[in-house]
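Keep it short and give the cut-offs.

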Amino acid sequence: MNLIILGLPGAGKGTQSDFIVKKYGLIHLSTGDIFRNNIRNGTTLGIKTKAYMDAGIYVPDEITNNLVAARLLQSDIKTTDFILDGYPRTIDQANFLDQTLLTIKKPILVLYLAINEQTVIDRLSSRRVCLQCGRVYNLKFSPPKINNKCDIDNQTLIQRSDDKETTIKTRLEIYKKETLPLVTYYQNKGLLKTIDANLENDKVLATIEQYLLENDNG
Ligand SMILES: [Zn+2]
């Protein structure tokens, strides 16, 4: 069982991926980790990647595709299944990935965490972080005991610029334009499972588990 997980920023891809990885022993493949490993090892593509990341722009598809393909061709993938998180991000990437999957003879299923935009905006914009200890709070779902102060060290909590409403809306627009077409792409191939991600985490997890159980047997 090899998986791709899709969903708007804030849909819970990270949380659900962590759970699936632990439960099913999959290898977690995120473009962020693959980029960092290549930068650390000073590979040719890693050096190019760093230049884009330092400039704050998306790494071009060609580089990302080749880095992910190289990772998928490593020997551990022959014996262990994986979950891709943050890739593919565009139709071009999905086309490229199809070729790689044919080469390594790995079938995939795609989980789409469907969520209302307003839910995402509410979730992300109510997130606060303590710069002292790094603890993350959510004013709606996991508020601090004292208003706007960290439970651990009493520091004033701040809102990261990524979590400001205007930034969130920009990220959502980019995602809808570039990544949402993948939902149709995989739907047409009969590989897509839509999961209602508006529910509480536990319920989302239960739906995913049920679906994976059914597909693992068949
Ligand atoms: Zn703190």
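Asn148 sits in the loop between β6 and α8. Its phi is positive, about 65°, although Asn148 is not a glycine. Asn148 counts as partly exposed at 28% relative accessibility. Here buried means under 20% relative accessible area, exposed means over 50%, and partly exposed lies in between (1.4 Å probe, protein chains only). Helices (H or I, at least four residues) and strands (E, at least two) are DSSP runs, numbered from the N terminus.

The model is predicted: local features need pLDDT of at least 70, side-chain atom pairs count only at pLDDT 80 or more, and totals for chains, interfaces and linings use all residues. Residues are numbered from 1 along each chain as its sequence is written, and side-chain values use heavy atoms, with hydrogens and water left out.

Lys105 also has a positive phi, about 55°, and is not a glycine. Lys105 belongs to the loop between α6 and β4 (108-114). At 72% relative accessibility, Lys105 is exposed.

Cys130 lies in the loop between β5 (127-129) and β6 (136-138), and Cys150 in the loop between β6 and α8 (165-178), so the pair ties together parts that are 20 residues apart in sequence. Cys130 is buried, at 1% relative accessible area. Cys150 is buried too, at 3%.

**Charge pairs**

The structure holds 15 salt bridges. A salt bridge is a side-chain nitrogen of Lys or Arg within 4 Å of a carboxyl oxygen of Asp or Glu. Three of them are tabulated here.

| Pair | N to O distance |
|---|---|
| Arg127 and Asp163 | 3.0 Å |
| Asp151 and Lys145 | 3.9 Å |
| Glu200 and Lys203 | 3.9 Å |

Arg127 and Asp163 form a salt bridge. This pair links distant parts of the chain: Arg127 is in strand β5, Asp163 is in the loop between β6 and α8, and they are 36 residues apart. Arg127 is partly exposed at 25% relative accessibility, whereas Asp163 is buried at 2%.

In the second pair, Asp151 is partly exposed at 29% and Lys145 is exposed at 74%. In the third, Glu200 is exposed at 54% and Lys203 is partly exposed at 45%. Glu117, Glu173 and Lys176 are linked in a network of salt bridges.

**A buried arginine**

Arg123 lies in helix α7 (residues 117-125).

The side chain of Arg123 does reach the backbone oxygen of Ala197, at 3.3 Å. Arg123 touches residues including Gly10, Ile115, Asn138, Phe141 and Leu199, leaving out residues up to four places away in sequence. Contact means heavy atoms within 4.5 Å.

Helix α4 (residues 61-72) has 12 residues, which at 1.5 Å a residue should span 16 Å; its end C-alpha atoms are 16 Å apart, which agrees. The expected span is 1.5 Å times one less than the number of residues. Buried residues of α4 include Ile63, Leu67, Val68, Arg71 and Leu72. The buried residues of α4 pack against elements including β2 (27-30), α2 (31-40), α3 (44-54) and α6 (91-104).

Phe96 is placed in helix α6. Phe96 is partly exposed, at 31% relative accessible area. Phe96 touches Asn65, Asn66, Ala69 and Tyr87, not counting residues up to four places away in sequence. Phe96 and Asn66 are 30 residues apart in sequence and 9.0 Å apart in space, C-alpha to C-alpha.

Tyr87 is joined to Pro88 by a cis peptide bond, with omega about -5°. Pro88 is in the loop between β3 and α6.

Technical notes. Polar contact = N/O pair within 3.5 Å; in protein donor to acceptor, adjacent residues only side chain to side chain.
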